Amino acid sequence: MPLLILIAEDDPGTRLAISDYLSLSGYSVIAAQNGQEALKLVDEYQPHMIVTDIAMPLMDGYEFVKRVRQRPALRLLPVVFLTARTSTQERIRGYQLGCDLYLPKPFELDELGAVVRNLLERSQLIESEWRSRVQITEKYPALESPVAESEIQDSDVSLTQREQEVLNLIATGLSNIQIGDHLHLSARTIEKYVTSLLRKTETNNRAELVSFAMKHRLLS
């Protein structure tokens, strides 16, 4: 069954172009013209990924993603912002709310396709690994699967205590703001820890970071 992508974009031409391109790429697509409408579609269809504009009527992309991230089951849902707002502060705000990547307008559909494919592959890998571990734990509470264990690799990445705390919370799907509230630190400070974790693990985004941490047993 094709993976489902939700497009939230108020410009009809852009919305149609993205929808057609992703449909031809083999995905199922649903579309909304604002965040309010998109939020209802999230609840109804539970998409595997969201691609959203920021400047939209009724509810903008920031508020839309914020509300999505408040749902525990959607904390690791891949989110891409398509926007002309590319200032550092705008990007920081988006990442703090939990977006995985910014793609500035105008953009090439082929680049969007590559971004979508990469994030979905990472997301499906993480989901598969978690599901496998849960099933093993439920079936053999006192045992670990030899196959699963053989696929896990140790890493020589050295983390500080605070970096470890931040990494553990990232794995639960919390945004930087939520992690900051939990650790009594500012979102800007959390952003610095996230940047350090990405650098140390040589990963590009949260999905890759969590996948790396699971593969190399960095979570505690």
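Predicted model: local features only at pLDDT ≥ 70, side-chain atom pairs only at ≥ 80, totals over all residues.
Local features are reported only at pLDDT of at least 70 and side-chain atom pairs only at pLDDT 80 or more, whereas totals for chains, interfaces and linings use all residues. Residues are numbered from 1 along each chain as its sequence is written, and side-chain values use heavy atoms, with hydrogens and water left out.

The secondary structure of the protein chain comprises 10 helices and five strands. Helices (H or I, at least four residues) and strands (E, at least two) are DSSP runs, numbered from the N terminus. Of the 220 residues in the protein chain, 45% are buried. Here, buried means under 20% relative accessible area, exposed means over 50%, and partly exposed lies in between, with a 1.4 Å probe and protein chains only. Among contacts between residues at least 6 apart in sequence, 64% join residues at least 24 apart; a contact means heavy atoms within 4.5 Å.

The five strands form an open sheet in the order 2-1-3-4-5, with parallel pairing. Strand 2 and strand 5 are the edge strands, each pairing on one side only. From one strand to the next, the twist averages 20°. Two strands are taken to pair if DSSP finds at least two bridges between them.

Strand 1 (residues 4–8) is joined to strand 2 (residues 28–32) by five bridges, and these strands run parallel. Four bridges join strand 1 to strand 3, also in parallel. Ile-5 takes part on both sides: its bridge partner in strand 2 is Val-29, and in strand 3 Ile-5 stands opposite Met-49. Strand 3 is in turn joined to strand 4 by four parallel bridges, and in strand 4 the bridge partner of Thr-52 is Phe-81. Four bridges likewise join strand 4 to strand 5, which run parallel; the partner of Leu-82 in strand 5 is Leu-103.

Helix 1 (residues 12–24) packs on this sheet and touches strand 1, strand 2 and strand 4, its direction making about 170° with that of strand 2. Helix 3 also packs on the sheet, where it touches strand 1, strand 3 (49–53), strand 4 and strand 5, and its direction makes about 155° with that of strand 3. For these angles and those below, axes are lines fitted to C-alpha atoms, for helices over the stretch in contact, and angles run from 0 to 180 degrees between N-to-C directions.

In a regular strand, the side chains alternate between the two faces of the sheet. In strand 1, Leu-4, Leu-6 and Ala-8 point one way and Ile-5 and Ile-7 the other, and all are buried. In strand 3, Met-49, Val-51 and Asp-53 point one way, Ile-50 and Thr-52 point the other way, and all are buried.

Helix 4 (residues 88–97) has Ile-92, Gly-94, Gln-96 and Leu-97 buried. The buried residues of helix 4 pack against helix 3 (61–69), strand 4 (79–83), strand 5 (101–104), helix 8 and helix 9. Gly-98 follows helix 4 and has a positive phi, near 110°.

Ile-126 lies in helix 5 (residues 109–139) and is buried, with a relative accessible area of 6%. Not counting residues up to four places away in sequence, Ile-126 touches Leu-76, Ala-207, Val-210, Ser-211 and Met-214. The C-alpha atoms of Ile-126 and Lys-215 are separated by 9.6 Å, although these residues are 89 residues apart along the chain.

Helix 8 contacts two further helices in turn. The axes of helix 7 (residues 161–171) and helix 8 (residues 176–183) come within 10 Å and cross at roughly 130°. This contact is made by Arg-162, Glu-165, Val-166, Leu-169 and Ile-170 of helix 7 and by Ile-179, His-182 and Leu-183 of helix 8. By class, five of the contact residues are nonpolar, one is polar and two are charged. Ala, Val, Leu, Ile, Met, Phe, Trp, Tyr, Cys and Pro count as nonpolar, Asp, Glu, Lys and Arg as charged, and the others, Gly among them, as polar.

The axes of helix 8 and helix 9 (residues 187–201) come within 8 Å and cross at roughly 105°. The residues in contact are Asn-176, Ile-177, Ile-179, Gly-180 and Leu-183 of helix 8 and Ala-187, Ile-190, Glu-191 and Val-194 of helix 9. By class, this contact has six nonpolar, two polar and one charged residues.
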